[in-house]
Amino acid sequence: MKLLEMNHIKKQFDGLQVLKDVSIHVEEGEVLSIIGPSGSGKSTAMNIIGCLDVPTSGTYHLGGV
């Protein structure tokens, strides 16, 4: 069962594109880490996953919802 599925996620803030076509698929039992330099969009991606923010475009499903 897919625990998390993000397809072609994009996020912009005032014209600045923070996430560009991000796709992640995590199956139940998998472990995922997100690494990258400061300002690369890690926190923005986590905010979208945690439903604290919405993407500019793309789709995501968390736990089948």
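The buried residues of helix 1 are Thr44, Ala45, Ile48 and Ile49, where buried means under 20% relative accessible area, exposed over 50% and partly exposed in between (1.4 Å probe, protein chains only). Seen down the axis of helix 1, these buried residues fall within an arc of 140°, so they line one face of the helix; the arc is that of the directions from the helix axis to the C-beta atoms. This is a predicted model, in which local features need pLDDT of at least 70 and side-chain atom pairs count only at pLDDT 80 or more, while totals for chains, interfaces and linings use all residues. Residues are numbered from 1 along each chain as its sequence is written, and side-chain values use heavy atoms, with hydrogens and water left out. Helices (H or I, at least four residues) and strands (E, at least two) are DSSP runs, numbered from the N terminus.

**Helix 1**

- The buried residues of helix 1 pack against strand 1, strand 2 and strand 3 (57-62), contact being taken as heavy atoms within 4.5 Å.
- Threonine 44 belongs to helix 1 and counts as buried at 14% relative accessibility.
- Leaving aside neighbours within four places in sequence, threonine 44 is in contact with Lys11, Phe13, Val18 and Leu19.
- Methionine 46 is also placed in helix 1, but this residue is partly exposed, with a relative accessible area of 45%.
- The C-alpha atoms of methionine 46 and asparagine 7 are separated by 14 Å, the two residues being 39 apart along the chain.
- Cysteine 51 follows helix 1 and has a positive phi, near 60°.

- An open sheet is formed by 3 strands in the order 2-1-3, with antiparallel pairing; two strands pair if DSSP finds at least two bridges between them.
- Strand 2 and strand 3 are the edge strands, each pairing on one side only.
- From one strand to the next, the twist averages 15°.
- Helix 1 packs on the sheet and touches strand 1, strand 2 and strand 3; its direction makes about 125° with that of strand 1. Axes are lines fitted to C-alpha atoms, for helices over the stretch in contact, and angles run from 0 to 180 degrees between N-to-C directions.
- Strand 1 and strand 2 run antiparallel and are joined by 8 bridges.
- Glutamine 12 has glutamine 17 in strand 2 as its bridge partner.
- Strand 1 and strand 3 pair in the antiparallel sense over 5 bridges.
- Methionine 6 has isoleucine 24 as its bridge partner in strand 2, and stands opposite tyrosine 60 in strand 3.

**Nonpolar core**

- The largest nonpolar core has 9 residues in all: Leu4, Met6, Ile9, Leu19, Ile24, Val26, Ala45, Ile48 and Ile49. Such a core is a set of buried Ala, Val, Leu, Ile, Met, Phe, Trp, Tyr and Cys residues joined through side-chain atoms within 4.5 Å.
- Strand 1 (2-13), strand 2 (16-27) and helix 1 (42-49) are the elements that give two or more residues to this core.
- Isoleucine 9 touches Leu19, Lys20, Asp21, Val22, Ile48, Pro55, Ser57, Gly58, Thr59 and Tyr60, not counting residues up to four places away in sequence.

**Salt bridges**

- The whole structure holds 2 salt bridges, each being a side-chain nitrogen of Lys or Arg within 4 Å of a carboxyl oxygen of Asp or Glu.
- The side chains of aspartate 53 and lysine 11 form a salt bridge at 3.2 Å, N to O. Aspartate 53 lies in the loop between helix 1 and strand 3 and lysine 11 in strand 1, so the pair ties together parts that are 42 residues apart in sequence.
- Aspartate 53 is partly exposed at a relative accessible area of 22%, whereas lysine 11 counts as buried at 8% relative accessibility.
- Glutamate 5 forms a salt bridge with lysine 2, with the closest N and O atoms 3.9 Å apart. Lysine 2 is partly exposed, with a relative accessible area of 34%.

**Positive phi angles**

- Most residues other than glycine have a negative phi.
- Histidine 8, which is not a glycine, has a positive phi of about 55°. Histidine 8 is found in strand 1 and is partly exposed at 49% relative accessibility.
- Strand 1 and strand 2 form a hairpin with 2 residues between them, and aspartate 14 in the turn has a positive phi of about 50°. Aspartate 14 is exposed, with a relative accessible area of 86%.
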